[in-house]
Amino acid sequence: MTLEIVTVPCLSDNYAYLIRDDRTGATAVVDAPHADPIAASLASRGWRLDKILITHHHFDHIGGVERLKRDHGATIVGAASDSSRLPPLDEAVSEGDSVAVGDAVCRILDVSGHTVGHIAYVFPGAAFTADSLMALGCGRVFEGTAEMMWSSLSKLAALPPDTEIYSGHEYTAANARFAMTVEPDNETLKRREADIARLRSENRPTVPSTLSLELETNPFLRARLDSVKASMGMPGASDAAAFAEIRKRKDNF
Ligand code: ZN
Ligand code: FE
């Protein structure tokens, strides 16, 4: 099984991702912020769209679903628990379920926190995390609790370290500025900040990243470390409490 993944910038700073199973030609899109760039990207490759994989109910992730469904007859996949707020689902899924794109099969993780009912699509080697785990960051906790988001991030942190992380927004440069306030002496983070600045100056995406790089540099995943708790002035705090404090500081950054 070989997956081809195409990053499609949408709106001002969203990403949609086309996923194509090379053998069967089956193609899905993860989130549909806006139909136009996704339709154009499909057309330029001569691909049809079989499935729309929705991560969560926010409009900047589903605004293009209706039109893509109408134009391509694609099947809509999303969280069963959040079906009342999503476009009508053809495939309603829950944690542990599998979703097939041709021969490629992903597993669903519930990664609630940003919203309750946010899911991630985890293929072997590639996780689509939208507004849960992001490059050097995580989504704001709008609906869930800090404990809920911490538990969601912990599930993602346990994936194989070489997993590529495809998140929903290009927020990485701002995330890097904040991360440096948490761990100013993290050498890997300093190098990553320079890489991000170079990519953005060339107007290139900073996604995907890898889980291993996130584990070494993302302050939200690193809330568990004694060194990070100490630098937050919270030695001995629980992991979730340290995470909550880092999230609060980022909200006010
Ligand atoms: Zn969102
Ligand atoms: Fe979003």
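Reader: What makes His56, His58, His114 and Asp131 the residues that coordinate the zinc ion (ligand 1)?

Author: In this predicted model, their atoms NE2, ND1, NE2 and OD sit at 2.2 to 2.4 Å from the zinc ion (ligand 1). Donors are N, O and S atoms within 2.8 Å of the metal (3.2 Å for Na, K and Ca), and water is not among the atoms, so sites may look incomplete.

Reader: Why is the site of the zinc ion (ligand 1) called irregular?

Author: Its four donor atoms make angles of 84 to 173 degrees.

Reader: How do you know whether histidine 56 is buried or exposed?

Author: Its relative accessible area is 1%. Buried means under 20%, exposed over 50%, partly exposed in between (1.4 Å probe, protein chains only), so histidine 56 is buried. Histidine 58, at 19%, counts as buried too.

Reader: What makes phenylalanine 128 and tyrosine 166 a stacked pair?

Author: Their rings are 4.8 Å centre to centre, with 20 degrees between the planes. Rings of Phe, Tyr and Trp (its six-membered ring) pair if their centres lie within 6.5 Å; planes under 30 degrees apart are stacked, over 60 edge-to-face and the rest tilted, so this pair is stacked.

Reader: How are things numbered and counted?

Author: Residues count from 1 along each chain as its sequence is written, chains are lettered from A and ligands numbered from 1 in the order written. Local features need pLDDT of at least 70, side-chain atom pairs count only at 80 or more, totals for chains, interfaces and linings use all residues, and side-chain values use heavy atoms, without hydrogens and water.

Methods. Four donors count as tetrahedral if all angles lie between 85 and 135 degrees; four count as square planar and six as octahedral if opposite donors are over 155 degrees apart and all others between 65 and 115; anything else is irregular.
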